[in-house]
Amino acid sequence: MTFGRRPLFFLAAGVISVLLLAPTPETFWWVNVTMAGIAFFWFVMLAIEEGQGDRDTPDEPRGKGRPDDLEGEDRR
Amino acid sequence: MTVTVVAIIGVALAFDFFNGFHDAANSIATVVSTRVLTPKQAVAWAAFWNFAAFAIFGTAVAATISKVVQPGVLNNAAIFSGLFGAIVWDIITWFFGLPTSSSHALVGGMAGAAVALSGWTSLVAEEFQKIAVFIVLSPLLGFLLAFTIMTGIFWLFHRYHKVEKLNRGFRRAQLVSAALFSLGHGANDAQKTMGIILALLIANHRLPIDASVPLWVVLAAHSAIGLGTLFGGWRIVHTMGTKITKVQPVGGFSAETAAAAAIMLATLGGVPVSTTHTITGAIVGTGTTQRLSAVRWGVAGRVVWAWILTIPGAFIVSYSMEAALKRVWR
């Protein structure tokens, strides 16, 4: 099974958060754990999305009907 | 208070002013690039909230900064050298339009001066460890929160096909997110100067070693950073607002809200973080919701290199300055 760049990006973010647990002062461990949780959550979600080949994935070229439609905005 | 102490406080406040000047772009880049406010309106808005932060946040970050070097080690010349190194590094990076961290320049500068004065044992390892970890964590947290907020907004408004209408709504919301970010920026960054002035007053026996930050120092530091923001640096606005990734109002709102949350969290925990690192991470996070290629990784990479070099760069300048002052005054 292969993953695209975006899920791997989040996987890397999660791994970094976990690896930094050792040097992080104990009072801030919850920050690392929360970050790792968010990162792994998005890794799984993006991996599933890629697996399904969802046409609405943000990796697809933008259409005019999205709020972040840069090209659409530019054309106006 | 001696003339030397007053002069060094003046230099510290000048650093704070320049910090606001240098970092103004972070607070207003997205608001300006999305044309929510004109540059003049944006800096006035950010400066006001920079100042207002004094009424909301404590001084935990100032306490951390004043403890980076062992108590009793620093003297007036070393504190001046530390500030000198940080200011010189800020000017260099400002000249090249690089959004580096004034905070890390200050930490690197104080460390360089302390090492030149009393060797490596003068540094407090635990405080450095805390700062070092958050050099990595703060942009990563900004990135993850911004991606989450932006995706949440898309999910909530996925039936909202009127792009202009949605972005118009987030134009107004960006005023709130910019205010939040400026609050966080003022709170975290002004406290770094407070920490330096606190260390100076303790070194000159004007305050006991366990003293908290006097109110006049708090007000002076917030005024300096607010005024610095008012005179903001436009070179960096350009890099932050347009070169890393193109930002729309909804992205600007997400990035600022995420960065504000990360910075406020660090401020309450007493961790001096880089507002620059955090907002850059958040801007990359919003860019990533489109696709990774929306982020201009070449520019982002150049920024990362400037970050990596900040502490060593300021360290070397301050170390050299302190070594020269020691030789002249000996």
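**Close-up 1. Contact between helices α1(B) and α2(B) in the predicted model.** From α1(B), the residues Gly20(B), Ala24(B), Ser27(B), Ile28(B), Val31(B) and Val32(B) meet Pro39(B), Ala42(B), Val43(B), Ala46(B) and Asn50(B) of α2(B). Sorted by type, the residues of this contact are eight nonpolar, three polar and no charged.

**Close-up 2. Crossing of α1(B) and α2(B).** Helix α1 covers residues 3–33 of chain B and helix α2 covers residues 39–52 of chain B. Their axes come within 9 Å and cross at roughly 120°; the two helices are therefore oblique to each other. The crossing in which α1(B) passes α2(B) is right-handed.

**Close-up 3. Helix α2(A), residues 29–52 of chain A.** The helix has 24 residues, which at 1.5 Å a residue should span 34 Å; the end C-alpha atoms are 35 Å apart, in agreement with that value. Buried residues in α2(A) are Val31(A), Asn32(A), Met35(A), Ala36(A), Ile38(A), Ala39(A), Trp42(A), Phe43(A) and Leu46(A). Their cover includes α1 (5–19) of chain A and α6 (125–156) of chain B. Just after α2(A), Gly53(A) has a positive phi of about 65°.

**Close-up 4. His205(B) in the loop between α7 and α8 of chain B.** The loop lies between α7 (163–203) and α8 (215–230). His205(B) is not a glycine, yet its phi is positive, at about 60°. His205(B) counts as exposed because it has 8 C-beta neighbours inside 10 Å, and a residue with 12 or fewer is classed as exposed.

Definitions and conventions:
Residues numbered from 1 in each chain as written. Chains lettered and ligands numbered in written order. Predicted model: local features only at pLDDT ≥ 70, side-chain atom pairs only at ≥ 80, totals over all residues. Axes fitted to C-alpha atoms, helices over the stretch in contact; angles between N-to-C directions. Helix = DSSP H or I, 4+ residues; strand = E, 2+ residues; numbered from the N terminus. Parallel < 35°, antiparallel > 145°, perpendicular 65-115°, else oblique. Left-handed = near helix turned anticlockwise from the far one by under 90°. Contact = placed C-beta atoms within 7 Å. Nonpolar A, V, L, I, M, F, W, Y, C, P; charged D, E, K, R; others polar. Expected span 1.5 Å × (residues − 1). Buried ≥ 20, exposed ≤ 12 C-beta atoms within 10 Å, placed from the backbone.
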